[in-house]
Each structure stands twice: as structure tokens, then as C-alpha cells.
Amino acid sequence: MSISNFSLRTGDRGKAEQELMMAIRKATSVEENAPKRKHVRTMILFTCDYKTSMPIWECMKAQPLRADEVQCYKAIISLHKVIREGHPVCIPEALTQTPFLEELGRGMGGGAYAGWRNYSVLIRGYVNFLLAKLEYHRLHPDFNGMFEYEEYISLRGTNDPNEGYETIADLMSLQERLDEFQKLVFVNFQRVSNNECRISSLVPLVEESYGIYKFATRMLIAMHTRVDGAEHALEPLRTRFNAMHYGLRRFYFECSNLRYLTSLITVPRLSQNPPNLMGNDGTAPPPDRSQQDLNRSASTSVRAETPRIPSPKIDLEAERRTAEELRRKQEEERQQQ
């Protein structure tokens, strides 16, 4: 065994890669359920131990993702979480894999992407959002995957108003892309199908959007205290920020009504009105809730608004029967082919 493949901290890399491949196969199984956190966690920890995500991409490419829409969607969910939570090297490495993501987004004509479970539009929407996220990181490489303000501000200040303005404007554009996709997920809930897989894709979207919101709030407050004539110069950003606040408040309200989602994470709760970015009324920025807080299963509910769509009432037994029937039909069609 070579010394480079073994250390007291990381152990045998060959064994770790075998465990990684097993985790990826299980996370991208054909069952219409959520990728299990423990399998995604194995991927994330691998990137931290070995400072690379390339084995994950290579293993994903070896899976028959274009042959099954559910497998493909679960793979994209898993990759999103790895890009967000993995080692910082995951972002530049993901930027080299955009052709693969684009290929997944295109699908294969009349293949599985045209299947009865209707994931094709979600796959294309998710890929488009991930490509937009990666483009943001390419333009602003000082951000980590979770948009943590403290880490960014240690590398960049807000003394340059032009740089700060462009950073926030691009970040709000990314948030608008996320908002478009989350609406697509809600619209594509199926009344006669298992929605667990679709709902699970909202988990990284909630976490991503809250990271963006926290950063934008703190950055804008800092800019208002340092930029001359900020009240007038930053008015367009304040207008967009207020729209983002109300949009996220509604998004989080709808998420808080999904019992399966609130069993996985704590859905953030925003105030009724946006914070005062001028910083002259004692309004504090949103709390810096840790990733562990978001992963706890304490459900909250905002009662002041009406959701755009009714909360799905999930009959687990009926869904299991439906899912089994769909899998049986899928197997019959594959045998006929």
C-alpha cells in the first residue's frame, strides 16, 4: 500500500472510494424517495478528507442516470448538497463538470425523461439553477458554497461600492433563479404519486436561499454605513431586497406546511416586514443559524399568509401502493423493450 493512500486521519483511500461508490449507488437508486442523508454525508465527508470531489463525478457518470428520471433527479439533489457543503475545492471542480450537467438537463429525447412521473421539467429546472449557482461562484470566487458572510468578509471588505453593488445584484439574480425553480417544484407535486423525492429537493433550496438572504442583509447594512449617498445609490438594491424578503417569507410558509420537509430541517421564519437596511432603527440582521440548526427537525409555521397551493395530504399507505404499481409498470416496460 502506498503511503499516499494511507494516513492516520483518513485511512485507506481505496476502501473509502468503495464506500463512496456504494453510497452514490444507494443515494441514486430507482426508488422514488429522498436520497438518504447518511449516503450524501458520506460523499461530503469524502471531499473533506481527500480534498477532491472528482471521484463523485466519475461515479455519477457511471450510473445509468439518463435511463431513469428518478435516479437523475436524486443525483442532482445529491450533487447540489456536495457543492454546497463539501470541501471548497468542490466548486472549482464542479465548474469543470458543467458539460455533464448540461447533458443531464437535455435528457435523451423520448427516453425516461418523457416518463409518466413527470420529472423532466424538474430536471431541466434544477440543472439550470445549478449552472446559475456555479456561474455566480465563477464570477465571485471568494464565496463558499453556503454563502457564509463571515468567511467572505474576512477576504473582502465592503469599502468598494462598485464591487459590493455587483456582488449583491448578482446574488439577488441567483435568488430569483432559485425562486423560479422552487415554484416549479410546488407546481409539479403529483396527487397520485409519491412526492417524497420532489419535497426532498426543497431541503437544499431552503438552506441555499436562507444563506443568500442572510448574506445580502448583512452586506447591505454594511454598505449603507460605508458608502456615501447610500440612501439614493442603493435604492434599487433595497427594492429588490424587499421583494426577495416577501418572496422568501411565502416560500418558507409553504414549506412549513409540508410535514415531511419539517421532519428533515427547521424552516426559517422571517419577520412580517423586511429589516431596515439603513441600520438606524436598531433592526438586527437575521440570526446566523448554523447548519446543525437547519438540520434539526423543529417545525415552525407562519400563519399570516395563505399558501399558493393547498398542502398535500399524504396517505403513506396509498403512496406506497401507488409507488409499487409504478415500479411494476416500469419493470414491465423495460422487459418489453
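**Salt bridges and helix contacts**

K133 is buried, its relative accessible area being 0%, where buried means under 20% relative accessible area, exposed means over 50%, and partly exposed lies in between (1.4 Å probe, protein chains only). The model is a predicted one, in which local features need pLDDT of at least 70 and side-chain atom pairs count only at pLDDT 80 or more, while totals for chains, interfaces and linings use all residues. Residues are numbered from 1 along each chain as its sequence is written, and side-chain values use heavy atoms, with hydrogens and water left out.

The side chain of K133 meets that of E208 in a salt bridge, at 3.0 Å from N to O; the term stands for a side-chain nitrogen of Lys or Arg within 4 Å of a carboxyl oxygen of Asp or Glu. This pair links distant parts of the chain, since E208 belongs to helix α11 (residues 202–226) and K133 to helix α7 (residues 120–139), 75 residues apart. E208 counts as buried because its relative accessibility is 1%. Both residues also take part in a network of salt bridges that links R37, R84, E85, K133, E207 and E208.

In total, the structure holds 12 salt bridges. Another of these joins the side chains of E32 and R198, at 3.3 Å from N to O. E32 lies in the loop between α1 (13–27) and α2 (37–50), whereas R198 is in helix α10 (residues 196–200), so the pair ties together parts that are 166 residues apart in sequence. E32 and R198 are both buried.

The salt bridge between K61 and E58, whose closest N and O atoms are 3.8 Å apart, is set within helix α3 (residues 54–62), where the two residues are separated by about one helical turn because they are three residues apart. K61 counts as partly exposed at 38% relative accessibility, and E58 likewise counts as partly exposed, at 45%.

Turning to helix packing, α2 and helix α4 (residues 69–85) pack at an angle of about 40 degrees with their axes 9 Å apart, where axes are lines fitted to C-alpha atoms, for helices over the stretch in contact, and angles run from 0 to 180 degrees between N-to-C directions. That angle makes α2 oblique to α4, given that angles under 35 degrees count as roughly parallel, over 145 as roughly antiparallel, 65 to 115 as roughly perpendicular and the rest as oblique. The contact, meaning heavy atoms within 4.5 Å, is made by R37, V40, R41, M43, I44 and T47 of α2 together with S78, K81, V82 and E85 of α4.

Helix α7 also contains H137, which counts as buried at 2% relative accessibility. Leaving aside residues up to four places away in sequence, H137 touches I91, F143, N144, G145 and F147. P92 lies in helix α5 (residues 90–95) and is partly exposed, with a relative accessible area of 44%. From C-alpha to C-alpha, P92 and R138 are 7.8 Å apart in space, although 46 residues separate them in sequence.

Notes: Helix = DSSP H or I, 4+ residues; strand = E, 2+ residues; numbered from the N terminus.
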